[in-house]
Amino acid sequence: MKFEESSSIELKETYVSDIKKEVVAFANTKGGTIYIGISDNGSVIGVETPDEVMLQAGNAVRDAIKPDVTLFVDYKIETIENKKVIRISVQRGVDRPYYLADKGLKPSGVYVRQGSASVPASEDAIRQMIKETDGDTYEKVRSFNQDLAFEYMAKEMNKRGLEFGSVQMTTLGIIGDDGLYTNLGLLLSDQCVHSIKIAYFEGAGKNVFKDRREFHGSLLKQLSEAYEYIDLLNRTKATFSGLERIDTRDYPLEAIREALLNSIVHREYSFSGSTLINVYDDRIEFTSLGGLVPGLSIEAILLGVSQSRNEKLANFFYRLRLIEAYGTGITKILSSYKDNEAQPSIKATDGAFQVVLPNLNYLADSSINKNSPGRILNVNSSNPQFQTIMNAVMNQGSITRNQTQSILGVGQTRALKILNEMVEAKLIVPIGKGKNTEYRLYESYQ
């Protein structure tokens with residue numbers, strides 16, 4: 001019988017400690033067989049103490065590889081050319097990626113079979129194996145970084161009188177069933193790779209920066225620090241009615257709080273970009289990655305319907321009493337602007353979701369021209385779709401049918417119907433023809 005190394009066969013003349021690397025590679029790829037007692041050139045050398053060697057190999061595989069791969073490894077003593085040889089059969093595992101416990105879940109610890117060699121897996125290959133094993137739900141997938149600390153989170157839990165240990169971490173989903181940290185754990189850890197960027201502009205455009213900040217660390221830390229910074233920018237205007245002084249903040253505190261929470265809890269974290277918050281003289285824009293959850297529309301959101309993209313993250317924020325219940329955030333934002341001419345607007349595209357809060361004091365100032373880019377009209381409050389489109393037109397200067405579809409989350413026919421109704425109501429006017437038609441404010445609103 002001729003033995004030769006290949007993508008599924010590894011030959012070892014004697015037992016060596018790196019045999020566990022070969023087991024990891026086979027378990028992560030398509031499986032294979034390791035022979036101990038056969039040299040690289042295929043010559044059968046044999047093993048003098050096969051029982052002892054087989055026990056040694058079994059202990060190494062059991063103790064040095066994670067997750068547990070023992071169910072997919074079989075050991076046998078075979079007689080070949082009158083010599084005793086150890087045959088180790090390895091099946092492709094179901095909990096990939098397998099890795100060397102002392103190296104961790106990184107290329108130096110994760111191996112795959114490439115030709116007749118076992119080589120370190122690339123970071124992309126490791127991520128793909130994790131995705132195939134754990135599924136597409138980002139927060140439930142094993143974190144690529146397992147060296148996590150939770151100092152800030154522990155402080156916040158303690159502040160609220162909540163216990164925080166391995167049992168609680170498993171219950172919350174920070175630690176998965178395999179005993180490893182999940183991406184939810186990564187988000188709440190001090191090593192969170194995502195951030196919140198806040199840009200403060202002069203005027204109503206992006207021409208001149210006044211200040212910019214970026215917040216890192218646990219999402220809980222980012223939430224706290226971002227809110228504190230926005231609160232500093234949320235100025236107070238004093239007016240008097242007789243002897244009574246009336247203080248009005250630029251933005252309702254509840255609206256800022258809910259918009260910030262929404263941008264953190266419901267964004268798509270499989271994208272690496274930051275959550276963006278732009279502060280202008282006349283408005284604040286909260287933009288988070290991910291767009292609407294499939295099956296959800298702007299209309300449904302305005303009705304208070306919610307479908308969480310990050311269910312475990314939302315449950316954790318609920319446990320900390322940072323949010324009350326699903327679907328109330330947008331409703332609270334709208335309610336905080338009740339009876340005001342200025343109204344928030346909600347925009348959604350395939351890859352982003354945005355909440356725009358108008359500055360109440362800016363719009364109340366009689367010296368501000370009513371055509372300022374931040375002005376938002378309260379038009380036909382009985383039809384929230386009209387209001388949303390008018391807000392977009394006021395902010396952008398015009399709107400197209402495609403943009404209307406994205407903002408409202410409706411199809412082409414419905415978008416055209418809404419736009420035509422607004423044209424008939426003399427709210428907007430079409431400019432151009434066909435698919436490139438732009439809709440601008442009707443003359444009486446200019």
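The largest pocket here takes up about 660 Å³. A pocket, on a 1 Å grid over the protein atoms alone, is an open set of points with protein on both sides within 12 Å along at least five of seven lines, and lining residues have an atom within 4 Å of a point. Volume means the space filled by probe spheres set on the points, which are joined across faces, edges and corners.

This is a predicted model, so local features need pLDDT of at least 70 and side-chain atom pairs pLDDT 80 or more, while totals for chains, interfaces and linings use all residues. Residues are numbered from 1 along each chain, and side-chain values use heavy atoms, leaving out hydrogens and water.

**The largest pocket**
- Its lining has 24 residues, with R127, Y138, N183, Y269 and S270 nearest the centre.
- Helix α3 (123-134) gives the largest share of that lining, four residues.
- Helices are DSSP runs of H or I with at least four residues, strands are E runs of at least two, and both are numbered from the N terminus.

**Cavities**
- The whole structure holds two cavities of 30 Å³ or more; in a cavity, a 1.4 Å probe fits but cannot get out.

**Strands**
- β18 (residues 428-431) and β19 run antiparallel, joined by four bridges; strands pair if DSSP finds at least two bridges between them.
- I431 has E438 in β19 as its bridge partner.
- In this hairpin, with six residues between the strands, G432 takes a positive phi near 95°.
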